[in-house]
Amino acid sequence: MKNFEFHSPTKIFFGRETQKQVGEIIRGYGFKKVLLHYGKGSIKKIGLYDEVTNALNESKIDFIELGGAQPNPTLNLVKEGIGLCRKENVDIVLVVGGGSAIDSGKLIAVGAANDCDPWLFSMGKKTPKSALPIGTILTLSATGSETSASAVITNEELKLKRGYNSEFNRPLFSILNPELTFTVSPYQTACGIVDIIMHTLERYITMKGNAEVTDRIAEAVLKSTIQAGKVAMENPQDYEARATLMWAGTLSHNGLTGLGRDYYMVCHQIEHEISGMFEEVAHGAGLAVVFPAWAKYAYKYNMERFCQYAVRVWNCEMDYSNPENTAIAGIEATAKYFKEIGMPSSLSEFSITEDSFEEMAEKCTNYGERILPGLIEYGKKEIIDILNLCK
Ligand code: NZQ
Ligand code: ZN
């Protein structure tokens with residue numbers, strides 16, 4: 001097990017009706033002025049907007065609001081939010097929504113407390129020195145943004161999607177009520193399942209090294225997500241299945257499933273270039289296409305881990321005379337599962353052709369400035385090879 005630091009400071013309020021506590025929670029911290037930030041309107045359709053605003057009013061918390069965060073959220077709205085926070089002396093950002101609204105809120109919170117272009121943080125050119133606190137009410141189990149240190153934003157002018165990590169991105173509190181995800185569409189539910197699996201899997205199958213406890217935690221997250229995913233797809237209102245997905249999503253990306261191992265999220269990096277250029281691609285759907293392609297490319301370099309994954313997570317039989325068969329069986333089981341829950345298996349399903357691969361690879365390598373590490377190094381050529389396997 002390698003040395004590690006672990007810090008997951010977000011206070012979690014988990015369970016039925018917990019969103020009703022939001023006013024008391026914010027009052028308990030002593031905040032006076034909230035920016036209520038949300039997406040394109042689903043929270044109004046499901047009655048959550050009224051519940052949240054009532055709770056804030058009852059607790060006599062003053063608030064202003066900014067809706068409109070789109071899936072694959074964008075920089076211009078972040079800038080609008082920063083302006084509002086400064087003008088109105090906001091002292092906490094409360095996000096109600098999925099990963100897109102939360103990430104938009106995170107960059108607003110950081111941008112409002114630092115006097116520079118927020119895109120510099122996304123590009124890793126500046127490090128934030130402080131941030132407004134952020135609270136979340138999660139409505140979609142997927143990204144883990146409710147506790148993660150990441151914020152992923154698209155610069156719509158550059159068509160460039162970039163995530164950056166900072167401890168300032170970790171919410172102060174997150175309210176997780178699985179009932180709020182009953183209305184998530186089957187497609188978005190499936191995207192979320194893929195994302196939870198991939199946060200865990202990208203930490204599980206990367207570098208060499210031992211971390212048995214971490215492996216077993218990751219396997220538990222993977223197996224319970226696969227199982228609950230099937231149930232939630234069949235019955236969207238199954239509380240236990242939705243609760244499993246919600247908690248698994250949080251654990252998949254708060255750092256726990258990677259402790260003591262080196263990892264690098266190559267599929268995520270490649271996917272961000274796809275959904276950065278093509279905003280109609282949901283992150284999880286992009287990952288469902290990239291993972292099997294990447295895995296077929298990379299398994300030879302880490303046969304042992306791919307076999308462990310196949311045997312422990314998918315109950316594949318170990319073929320000692322030809323381990324390659326086992327590794328491939330695990331990859332195929334994953335791809336089959338993604339397909340069964342309605343995910344795409346090729347970029348052609350989005351009408352994305354090889355014409356854009358060169359540009360994606362250029363962006364992914366920061367125009368030749370970086371090579372993605374892993375058991376092998378991924379430069380422009382390797383990324384284009386993987387994208388060709390996504391066709
Ligand atoms: O915008 P609204 O109207 O709210 O509708 C959303 C959106 O259309 C809808 N939705 C959310 N909750 C709902 C609901 N519809 C009905 N009932 C509900 N309860 O679902 C759609 C997708 O929402 P979005 O927030 O875009 O999905 P997700 O949570 O998957 O977030 C994706 C974004 O997060 C980034 C992705 O790259 C992508 O930009 N990620 C963020 C990470 C992080 N910060 O740690 C890590 C991830 O790896 C990921 O990169
Ligand atoms: Zn993800």
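Leu140, Ser141, Thr181, Val184, Gln188, Thr189, Ile193, Arg242 and Leu245 line the second largest cavity. Before we start: this is a predicted model, where local features need pLDDT of at least 70, side-chain atom pairs count only at pLDDT 80 or more, and totals for chains, interfaces and linings use all residues. Residues are numbered from 1 along each chain as its sequence is written, and side-chain values use heavy atoms, with hydrogens and water left out.

**Exercise 1.** Describe the second largest cavity: its volume, its helices and the make-up of its lining.

*Solution.* 
- Step 1: On a 1 Å grid over the protein atoms alone, a cavity is a set of points where a 1.4 Å probe fits but cannot get out, and lining residues have an atom within 4 Å of a point.
- Step 2: look up the volume, meaning the space filled by probe spheres set on the points. Here that's about 50 Å³.
- Step 3: find the helices (DSSP runs of H or I, at least four residues, numbered from the N terminus). α7 (186-204) and α9 (239-252) each supply at least two lining residues, and α7 gives the most, with three.
- Step 4: sort the lining. Count Ala, Val, Leu, Ile, Met, Phe, Trp, Tyr, Cys and Pro as nonpolar, Asp, Glu, Lys and Arg as charged, and the others, Gly among them, as polar. You get four nonpolar, four polar and one charged.

**Exercise 2.** Now do the largest cavity: what is its volume, and which residues lie nearest its centre?

*Solution.* 
- Step 1: the volume is about 100 Å³.
- Step 2: of the 13 lining residues, Ile205, Thr206, Trp294, Leu375 and Tyr378 lie nearest the centre.
- Step 3: sorting this lining gives ten nonpolar, three polar and no charged residues.

**Exercise 3.** Describe how domain 1 and domain 2 meet.

*Solution.* 
- Step 1: The assignment (automatic or from a database) gives domain 1 (11-180) and domain 2 (185-389).
- Step 2: check contacts, which means heavy atoms within 4.5 Å. 28 residues of domain 1 touch 27 residues of domain 2.
- Step 3: take the buried area, the accessible area (1.4 Å probe) that two parts lose on being put together, summed over both. This comes to about 2,200 Å², with carbon and sulfur atoms giving 55%. On the domain 1 side, Ser141, Lys161 and Pro178 lose the most area, together 22% of what that side buries.
- Step 4: look for salt bridges (a side-chain nitrogen of Lys or Arg within 4 Å of a carboxyl oxygen of Asp or Glu). The count between the domains is one.

Definitions and conventions:
Chains lettered and ligands numbered in written order. 1 Å grid on protein atoms, 1.4 Å probe; cavity = no way out; pocket = protein on both sides within 12 Å on 5 of 7 lines; lining within 4 Å.
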